Amino acid sequence: IDALCSDPARVCGSLTVSRSAVVDNRELGVNFQGVDGDLSETVIRSTRSNGRSRLGLGLQVKIDGDWGDSPAVTVTDVQIRDNRAAGIYAEGAELTLERVVVEGSQPDDAGVGGRGINAVCSPERGHCGTLTAVACRVLDSADSGVSVAGPVADLQRCEVARNGLLALELN
């Protein structure tokens with residue numbers, strides 16, 4: 001599922017996904033790029049690399065590199081399991097997670113990643129965004145459970161356990 005803002009006038013709508021299954025896809029499971037949205041009661045599972053050894057992200061929430069719009073996305077009661085590179089990748093976004101389970105993230109085919117949640121600043125726009133997670137579980141990632149490089153992060157009542165490198169990585 002790909003929601004991408006490509007309108008130079010920045011009239012970009014939004015995306016709502018509810019009670020869905022996003023399973024066995026390539027490169028991206030669900031993508032909010034420069035688009036606001038809500039994702040609820042959904043399973044995102046087994047997203048694989050794109051055949052060129054890249055990605056396999058379960059959920060990507062990313063600032064639009066061309067127009068600079070930072071998406072605000074709320075994710076509630078979602079299971080994100082067995083994806084590549086990262087279960088959740090947030091770049092320059094305002095991301096809120098409530099009762100989300102991220103489990104079993106593995107590196108992509110090139111051996112990169114394997115983080116449960118990876119939140120970073122946008123290199124193009126310099127915007128860092130926020131990550132708020134409430135009552136979430138991040139388990140069994142090959143790399144760090146939660147990695148935050150720049151954004152403001154607030155984790156409340158979250159379980160981050162059995163991850164391969166670090167539970168929480170702050171840069």
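Reply: A salt bridge is counted where a side-chain nitrogen of Lys or Arg lies within 4 Å of a carboxyl oxygen of Asp or Glu, and by this rule there are seven salt bridges. The model is predicted, so local features need pLDDT of at least 70 and side-chain atom pairs count only at pLDDT 80 or more, while totals for chains, interfaces and linings use all residues. Residues are numbered from 1 along each chain as its sequence is written, and side-chain values use heavy atoms, with hydrogens and water left out.

Me: Why is the contact between Glu 103 and Arg 81 called a salt bridge?

Reply: The N to O distance between these side chains is 2.0 Å, which is within 4 Å, and therefore the pair of Glu 103 and Arg 81 meets the rule. Glu 103 belongs to strand β12 and Arg 81 to strand β9, 22 residues apart, where strands are DSSP runs of E with at least two residues, numbered from the N terminus.

Me: How do you know whether Glu 169 is buried or exposed?

Reply: Buried means under 20% relative accessible area, exposed over 50%, and partly exposed in between (1.4 Å probe, protein chains only). Glu 169 has 14% and therefore counts as buried, as does Asp 143 at 17%, whereas Arg 115 at 22% is partly exposed.

How values were computed:
Helix = DSSP H or I, 4+ residues; strand = E, 2+ residues; numbered from the N terminus.
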